[in-house]
Structures are given as C-alpha cells and as structure tokens.
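Visitor: Hi! I'm new to this one, could you walk me through it?
Guide: Happy to. Let's bring it up and take it a piece at a time.

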Amino acid sequence: MHAVSFEHVSKIYPPRRGGFKSLFSKPEGTGFQALDDVTLTIEQGEFFGLLGPNGAGKTTLISVLAGLAKASAGRASVCGHDVVTDYKQSRRSLGVVPQELVFDPFFTVRETLRIQSGYFGLPKNDDWIDEILANLGLTEKADSNMRTLSGGMKRRVLVAQALVHRPPVIVLDEPTAGVDVDLRRSLWEFISRLNKAGHTILLTTHYLEEAESLCGRIAMLKRGRIVSLSTTAALLEQFGGRSLEEAFVEIMKDDSQNEEALS
Ligand SMILES: Nc1ncnc2c1ncn2[C@@H]1O[C@H](COP(=O)(O)OP(=O)(O)OP(=O)(O)O)[C@@H](O)[C@H]1O
C-alpha cells in the first residue's frame with residue numbers, strides 16, 4: 001500500500017467573480033488550471049520533497065490530499081484511503097503543517113493542542129503532547145497565550161498541532177519559512193527521528209539545501225505539471241554532481257524536454 005497516491009489529478013480553479021456587478025452575472029472565462037494530470041506515488045517511510053517555483057501548484061496538491069480542495073479530475077489517497085470517499089480515515093492518516101499561520105488567539109499552546117486532540121477523539125493525550133512540546137522547544141510556552149508568541153513560536157505550534165494524532169503521513173508545507181536556525185535544527189532532528197521511526201514525510205520548501213540533505217526522492221512541479229521525478233542521488237548525478245539548486249534552475253529552464261521524457 002502506498003503512503004500517498006495521486007492518480008491523474010487535475011485542478012481547475014473556477015473563474016473569479018469581479019466586484020459587485022458580477023453578483024448578478026455568470027463568472028467569465030474557463031478558470032485557472034493549477035494542476036495538470038499529476039500522477040505520483042510515495043511509499044511508506046519515504047522522505048519525499050515536492051519542489052517548484054511560486055505558483056507551481058504545490059499547495060494545491062497538498063490541499064487535494066488534505067481534502068481542502070476538490071480535484072477537478074483524478075483521485076488521491078492516503079495509506080489506501082481515498083480522500084473523497086474515505087475522507088475520515090484519510091484525514092486521520094495525515095498531519096498537515098500549513099504554510100499560513102492560522103490559530104485561535106484566545107487559547108494557550110497546551111489548550112490548542114488539547115482541542116486538536118479532541119478533534120481526533122483523543123481526550124487523554126497529554127503524555128504525547130508533552131513529548132511534542134519538549135521536542136519543539138515549546139515546554140516553557142505551554143501555558144502562554146497563542147497571541148503572545150512570536151512568529152517562529154507560532155510556527156512551532158502549527159507543527160505540534162499536525163502531530164497530536166500521531167499520523168503515519170506528515171506533510172510540511174514550507175515549515176521553515178521565517179524561522180531561526182535553532183528551530184530549523186530542532187525541527188529537522190525531530191522530523192528525521194519520526195521518519196526513522198517509520199513516518200512518511202512529504203516536504204515542500206524553497207530551501208533547496210534542506211531538500212538536498214533530507215529528501216530521498218524529489219518531484220519538481222512547474223505550472224501544475226511534474227517536470228522531474230527522481231531520487232535525489234540520481235538527480236545530482238544527472239547534473240554532474242552539482243548542487244540541487246543548480247539542477248533545479250536547469251530543469252525549470254528546460255522543462256519541455258523533461259515533460260516529453262516523462263510522458
Ligand atoms: N483559491 C484559488 N483560486 C484561484 N486560483 C488559485 C487559488 N489558489 C491558488 N490559485 C492559483 O493556483 C496556482 C498554484 O498555486 P499554489 O498555491 O498551489 O502554488 P505553490 O506552488 O504552492 O506556490 P508557492 O510556492 O508560492 O506557495 C497559482 O497560480 C495560484 O494563484
């Protein structure tokens with residue numbers, strides 16, 4: 001069973017309505033194609049990187065997996081559970097660290113994590129919550145109100161929230177944007193430990209050196225299409241042992257050839 005599977009997934013966002021007048025008329029245009037026939041499987045225990053320039057479709061693909069966006073065509077599953085027909089089980093199998101800092105300012109860190117545990121039907125989860133807090137350097141902030149935390153601390157809480165139900169698959173959407181060196185280190189140590197313990201990791205990042213050192217396999221998206229899919233080692237070898245950043249720049253320049261090779 002694959003940890004994650006996308007089969008011919010496409011996503012077309014509906015055309016935007018513009019302004020007050022459009023309330024009384026039909027939206028114009030055909031919409032925006034954010035994903036175009038994406039097929040990809042990730043095996044259990046992999047540390048997988050999903051790379052691509054701004055607007056390539058990474059967050060959209062993750063949103064389809066998390067059931068937050070509906071694919072216009074194709075299907076996706078987590079640990080064999082279809083994200084539409086078996087939503088509850090697929091959502092239970094997945095922990096998502098979103099890109100945007102969304103939180104309730106009225107709760108403390110511990111309350112936030114207890115509430116999240118409650119969503120998954122885990123009322124007595126304090127031992128695991130304590131472990132997560134310690135591993136993310138949040139123990140001292142456990143009783144602080146969310147609104148008093150710095151941006152980096154809030155991001156740590158987002159990571160903690162994604163882990164409360166011990167999901168086998170963890171998705172991290174640019175988790176290190178705007179965080180200091182300390183958190184990067186402790187975060188990657190913790191995530192690597194979870195990966196070694198068998199959790200599957202799907203990471204999107206613009207920090208290519210992080211992807212190079214952490215990910216065993218990498219997919220690159222451009223304008224909603226996969227233009228490269230390979231092990232990190234093979235990718236680096238293909239580009240003569242240069243850095244992943246250089247390989248990325250070359251592939252993004254020259255994706256027409258790669259698209260042909262993949263089709
Ligand atoms: N709700 C939406 N309605 C219309 N278009 C959208 C919507 N969400 C995303 N898009 C468009 O879909 C494309 C892909 O966006 P997405 O956020 O998936 O890219 P990304 O690869 O995650 O980018 P980034 O690296 O900047 O986070 C972009 O052109 C974006 O403007």
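**A walk through the model**

Guide: This is a predicted model. One part to start with is an open sheet of 4 strands, in the order β2-β1-β4-β5, with antiparallel pairing.

Visitor: Which strands are at the edges there?
Guide: β2 and β5 are the edge strands, and each of them pairs on one side only.

Visitor: And how many bridges hold β1 and β4 together in that pairing?
Guide: Strand β1, residues 4-13, pairs with β4 in the antiparallel sense over 5 bridges. If you want a spot to look at, Glu7 has Arg75 in β4 as its bridge partner.

Visitor: What comes between β4 and β5?
Guide: A loop, and Gly80 has its place there, between β4 (73-78) and β5 (81-82).

Visitor: OK, zooming out. How many helices and strands are there in the protein chain?
Guide: The secondary structure comes to 10 helices and 10 strands.

Visitor: What about the overall size?
Guide: The C-alpha atoms fill a box of roughly 60 × 55 × 35 Å along the principal axes. The radius of gyration of the protein chain is 19 Å, which agrees with the value near 18 Å that a compact globule of 263 residues would have.

Visitor: How much of the chain counts as buried?
Guide: Of the 263 residues, 37% count as buried. Also, if you take the contacts with a separation of 6 or more, residues 24 or more positions apart account for 70% of them.

Visitor: Back to sheets. What is the order in the open sheet of 6 strands?
Guide: The order is β6-β7-β8-β3-β9-β10, and the pairing is mixed. β6 (94-97) and β10 (225-231) stand at the edges with a single partner strand each, so one side of each has no neighbour in the sheet. From one strand to the next, the twist averages 15 degrees.

Visitor: Which strands does α1 lie across?
Guide: α1 lies across β3 (47-51), β6, β7, β8 (200-204) and β9 (217-222), and it runs at about 150 degrees to β7. Helix α9, residues 244-253, lies across β3, β9 and β10, running at about 35 degrees to β9.

Visitor: New topic: which residues are buried in helix α4?
Guide: In α4, residues 126-135, the buried ones are Ile129, Ile132, Leu133 and Asn135. What covers them includes α3 (109-119), α5 (151-163) and α6 (181-196). Gly137 follows α4 and has a positive phi, near 65 degrees.

Visitor: Where does Ser144 lie?
Guide: Ser144 lies in the loop between α4 and α5. With 15 other C-beta atoms within 10 Å, Ser144 is partly exposed.

Visitor: What does Ser144 touch?
Guide: Leaving out residues up to four places away in sequence, Ser144 touches Thr108, Val109 and Leu149. The C-alpha atoms of Ser144 and Phe107 are separated by 8.3 Å, and those residues are 37 apart along the chain.

Methods
Residues numbered from 1 in each chain as written. Predicted model: local features only at pLDDT ≥ 70, side-chain atom pairs only at ≥ 80, totals over all residues. Buried ≥ 20, exposed ≤ 12 C-beta atoms within 10 Å, placed from the backbone. Helix = DSSP H or I, 4+ residues; strand = E, 2+ residues; numbered from the N terminus. Contact = placed C-beta atoms within 7 Å. Rg over C-alpha atoms; globule rule 2.2 N^0.38 Å. Pairing = 2+ DSSP bridges. Axes fitted to C-alpha atoms, helices over the stretch in contact; angles between N-to-C directions.
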